[in-house]
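This report describes a single protein chain.

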Amino acid sequence: MLTLDKIYHAKYVLKQIIRETDVIHAPKINPEAEIYLKTENLQITGSFKVRGAYYKMSCLSDEEKAKGVIACSAGNHAQGVALAAAKNGIRSIICLPDGAPISKVEATKSYGAEVCLVKGVYDDAYAEALRQRDEYGYTFVHPFDDENVIAGQGTIGLELIEQIPDLDAVVVPIGGGGLISGVAFAIKSLNPKIKVYGVQAAGAPSMFKSVQDGKIGKLESVSTIADGIAVKAPGENTFRIVSEYVDDIVTVTDDEISAAILALMEQQKLVTEGAGAVPVAAVMFNKIPVKGKKVVCLLSGGNIDVTILSRVIKRGLLMTGRNCTLNIELIDKPGQLMDVSRIIAELGGNVISIHHERANEGSAVNGCYLRIVLETRNYEHIDEIKETLKKNGFKITND
C-alpha cells in the first residue's frame, strides 16, 4: 500500500541521486493569481520520471536485480529507468513505440539501456514489454501504475510543501496518473486544504473520462502534441488514488499547449515539452479557479523534440494573436500595395511575407488578391489593422 512513510523513505533514497528542483515565480502567466513553476523540466534526464524509476529499482531484491529490468515508455520514463538501472548496475531493456522522437530514443541509449522499438503506440510497446518479461524473467518497471513508482513521484509533493508552505493549489499533468497520484497523496496527507488539479490533453483525456464515468475506460485512439501524456487508459492504482485525492481534472487543446510552451520560453526562458506545459495552459486560459490564489504549475519535463519546436512556436504565435494572415482584395492599379504597406507600418505591424496574384475566374477583370503574413502584438492589434484597412477602402476576404 502507498503510505506517507513510503514517500518519505523515497525522499531519503533519492537524496543523493536527484536534484531538488527550484520553484520559480512567474507573474505574467496569469496576472490575476500568484503563479509559481516547479521546474522538473530541469531535473536530471529532463523529467520527473527518474524519481519513481530509481526508487522502484532500489526496492528490488538481489535476484531481481541480477535478472534485469524491462520498461516501456514514450520517452521520459525510458530515460529515468535507463539512468536508474545504470546507477544500480542493473541491465535494462526499454520498449519504445517506433514513433517516439529520435532525440528520446538516442537519449535512452546514452544512459546505457538496450532499446527495443515496437511498431505502434505506447500500448503496443507495453504489450511487448510484458511478453519479454514473461519470457525472460525481467522485472517490469511500470511507468505509472506501481506504488513504489508513485511513491518516488510523490517526493515532489513533499518538496512543494517545504518550498511554499502557504500554497493554495497545485496543477499537475496527467497521462497514466503516476505523477499526480504521488503528488496528491503526499500533499493531501500533509495538508488537505491544498487543492490538487489535474490537466490532460483534449486529444488524450483517458483519466478525465474515466473519473467522470466512475470506472476505468480505454480510449480507442489518442492524438496530441503532448506525447508524454498520450495514454489510452489510466492504471488501477492511479485511478483509485486520483478519484480519492484529486479535486478536479480539466483538458487543454494542442493550440493552448503550444501557447503555453511559447509563453514559458519567452517569459521564463524555460523549455518544456507538451506534457510539461499543460498545467501552464490550464492556468493561462482560466480552465481552473486560480484568481487570487498562490498556485504551483508542475512542469513535468523538458524533453521536447526539436524537430517540432518550430511548428509548436508557430501555433503558439497564432493562438495568442502574435501572427496573422490577411487576404485583401484590391483593384489592380499603381499604389495599392504601397497604401496597404503604409497602413500596416504606421500601426506597428511587421510584414513577414507577401503574395500578390491577379484575380481568378469570376472576379472583376481588374481585380487582384494580396496575401500578407504579419507579426502582431495581440488580437486587439490585428483588429486595429483590419479596421483601418477597411476604413481606407480595402476589402478583407478572410474575416
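## Cavity, pockets and packing

One cavity of 30 Å³ or more is present in the structure. On a 1 Å grid over the protein atoms alone, a cavity is a set of points where a 1.4 Å probe fits but cannot get out, while a pocket is an open set with protein on both sides within 12 Å along at least five of seven lines; lining residues have an atom within 4 Å of a point. Grid points are joined across faces, edges and corners, and the volume is the space filled by probe spheres set on the points.

The model is predicted: local features need pLDDT of at least 70 and side-chain atom pairs count only at pLDDT 80 or more, whereas totals for chains, interfaces and linings use all residues. Residues are numbered from 1 along each chain as its sequence is written, and side-chain values use heavy atoms, with hydrogens and water left out.

The largest cavity holds about 320 Å³ of space. Its lining has 29 residues, and Phe48, Lys49, Gly175, Gly228 and Ile229 lie nearest the centre. Helix 4 (76–87) and helix 8 (178–190) are the elements that give two or more residues to this lining, and helix 8 supplies the largest share, three residues. Helices (H or I, at least four residues) and strands (E, at least two) are DSSP runs, numbered from the N terminus.

In its class column, Ala, Val, Leu, Ile, Met, Phe, Trp, Tyr, Cys and Pro count as nonpolar, Asp, Glu, Lys and Arg as charged, and the others, Gly among them, as polar.

| Space | Volume | Lining by class |
|---|---|---|
| Largest cavity | about 320 Å³ | 14 nonpolar, 12 polar, three charged residues |
| Largest pocket | about 280 Å³ | eight nonpolar, four polar, two charged residues |
| Second largest pocket | about 190 Å³ | six nonpolar, two polar, four charged residues |

The largest pocket has a volume of about 280 Å³. Among its 14 lining residues, Pro97, Val121, Tyr122, Asp227 and Ala230 are the closest to its centre.

For the chain as a whole, the secondary structure comes to 15 helices and 14 strands. The C-alpha trace spans about 85 × 45 × 40 Å along its principal axes. Of the 399 residues, 54% are buried (buried means under 20% relative accessible area, exposed over 50%, partly exposed in between; 1.4 Å probe, protein chains only).

Helix 4 has 12 residues and reaches 17 Å from its first C-alpha to its last, close to the expected 16 Å; the expected span is 1.5 Å times one less than the number of residues. Because 10 of its 12 residues are buried, helix 4 is largely enclosed by the rest of the structure. Its buried residues include Asn76, His77 and Gln79.

Helix 11 (residues 254–268) has 15 residues and reaches 20 Å, close to the 21 Å expected. Here 11 of the 15 residues are buried, so helix 11 too is largely enclosed by the rest of the structure. Among the buried residues are Asp254, Glu256, Ile257 and Gln268.

Ile257 is also one of the residues with the most contacts inside the largest nonpolar core, which has 35 residues. A nonpolar core is a set of buried Ala, Val, Leu, Ile, Met, Phe, Trp, Tyr and Cys residues joined through side-chain atoms within 4.5 Å. Elements that give two or more residues to this core include strand 2 (34–39), helix 11 and helix 12 (274–284). Helix 12 gives the largest share, seven residues.

The structure holds three aromatic pairs. One of them joins Phe185 and Tyr245 edge-to-face, at 5.3 Å centre to centre and 70° between the planes. The two residues are 60 apart in the chain, Phe185 in helix 8 and Tyr245 in helix 10 (residues 236–245). Rings of Phe, Tyr and Trp (its six-membered ring) pair if their centres lie within 6.5 Å; planes under 30 degrees apart count as stacked, over 60 as edge-to-face and the rest as tilted. Phe185 counts as buried because its relative accessibility is 11%.

Thr45, in the loop between strand 2 and helix 2 (49–58), has a positive phi near 70°. Thr45 counts as buried, at 8% relative accessibility. Lys269, in the loop between helix 11 and helix 12, has a positive phi near 60°. At 64% relative accessibility, Lys269 counts as exposed.
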